[in-house]
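User: Hi! I have a chain open here and would like to talk it through with you. Could you help me read it?

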Amino acid sequence: MAPFGELVGEDPPAGAAPAADLASYAGSYGNDYFGPATVSVVGGELELAVGPTGRWPLEHWSGDEFVFRLTGENGTAGSISKATFDGSALVLEYFDQHGLGTFTQ
């Protein structure tokens with residue numbers, strides 16, 4: 001089982017574009033298949049919550065793109081998933097494997 005994610009083995013880009021104010025990403029996002037996702041600012045960092053037990057810190061990558069590191073049975077060691085904010089949409093790479101990973105505010 002290979003690690004999952006387009007960015008596996010990559011380093012954050014040198015000279016990455018800055019993120020917007022973190023509070024601008026915070027909020028509730030919905031998805032008809034996976035249900036709600038919440039993005040919160042916790043201790044000066046973003047945190048993603050999906051479902052009753054899925055919680056991941058979001059690490060800034062570049063611009064409006066963040067990443068979260070999958071663990072446990074759903075994330076082989078080294079897996080890394082993009083979380084891309086695009087206006088009122090949040091696309092979670094891991095959840096988008098079958099085109100169902102767009103969450104909207």
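This is a predicted model: local features need pLDDT of at least 70, side-chain atom pairs count only at pLDDT 80 or more; totals for chains, interfaces and linings use all residues.

User: Which ring does Trp56 pair with edge-to-face?

Analyst: That would be Phe95. The two rings sit 6.3 Å apart, centre to centre, with 70° between the planes, and the aromatic pair is edge-to-face. Trp56 belongs to strand E4 (residues 54–62), while Phe95 is in the loop between strand E7 (89–92) and strand E8 (102–104), so this pair ties together parts that are 39 residues apart in sequence.

User: And Phe95, buried or exposed?

Analyst: Buried. Its relative accessibility is 12%.

User: Nice. Changing topic: how many helices and strands does the chain have?

Analyst: There are 0 helices and 8 strands. Going along the sequence, you read β-β-β-β-β-β-β-β.

User: In what order do the strands sit in the sheet?

Analyst: The order is E1-E2-E3-E4-E5-E6-E7-E8, in an open sheet of 8 strands with antiparallel pairing. E1 and E8 stand at the edges with a single partner strand each, so one side of each has no neighbour in the sheet. On average, neighbouring strands are turned by 30° against each other, direction ignored.

User: Let's walk through it from the start. How many bridges join E1 to E2?

Analyst: There are 3, and E1 runs antiparallel to strand E2 (residues 37–42). If you want a place to look, Ser28 has Thr38 in E2 as its bridge partner.

User: What lies between E3 and E4?

Analyst: Another hairpin, with 3 residues between E3 and E4; Gly51 in that turn has a positive phi of about 70°. Strand E3 (residues 45–50) pairs with E4 over 5 bridges, again antiparallel. Ala49 stands opposite Arg55 in E4, and the bridge partner of Leu46 in E4 is Leu58.

User: Which glycine is in the turn from E4 to E5?

Analyst: Gly63, with a positive phi of about 55°; this hairpin has 2 residues between its strands. E4 and E5 run antiparallel and are joined by 3 bridges, and Ser62 has Glu65 in E5 as its bridge partner.

User: I also clicked on Leu70. Where does it lie?

Analyst: Leu70 is in the loop between strand E5 (65–68) and E6. With 6% relative accessibility, Leu70 counts as buried.

User: What does Leu70 touch?

Analyst: Leaving aside residues up to four places away in sequence, Leu70 touches Phe4, Trp56, Gly75, Thr76, Ser79, Ser81 and Tyr94. Phe4, Trp56 and Tyr94 are also members of the aromatic cluster we talked about.

User: Last topic, the whole chain. What is its radius of gyration?

Analyst: It is 13 Å, which agrees with the value near 13 Å for a compact globule of 105 residues. The C-alpha atoms fill a box of roughly 35 × 35 × 25 Å along the principal axes.

User: And what share of the residues is buried?

Analyst: Buried residues make up 34% of the 105. The chain exposes about 6000 Å², with carbon and sulfur atoms supplying 51% of that area. Of the contacts between residues at least 6 apart in sequence, 42% join residues at least 24 apart.

Methods. Residues are numbered from 1 along each chain as its sequence is written. Side-chain values use heavy atoms; hydrogens and water are left out. Rings of Phe, Tyr and Trp (its six-membered ring) pair if their centres lie within 6.5 Å; planes under 30 degrees apart count as stacked, over 60 as edge-to-face and the rest as tilted. Helices (H or I, at least four residues) and strands (E, at least two) are DSSP runs, numbered from the N terminus. Buried means under 20% relative accessible area, exposed over 50%, partly exposed in between (1.4 Å probe, protein chains only). The radius of gyration is taken over C-alpha atoms; the globule rule is 2.2 Å times the number of residues to the power 0.38. Contact means heavy atoms within 4.5 Å. Accessible areas come from the Shrake-Rupley method with a 1.4 Å probe; for residues, only the protein chains shown count as cover. Two strands pair if DSSP finds at least two bridges between them. Axes are lines fitted to C-alpha atoms, for helices over the stretch in contact, and angles run from 0 to 180 degrees between N-to-C directions.
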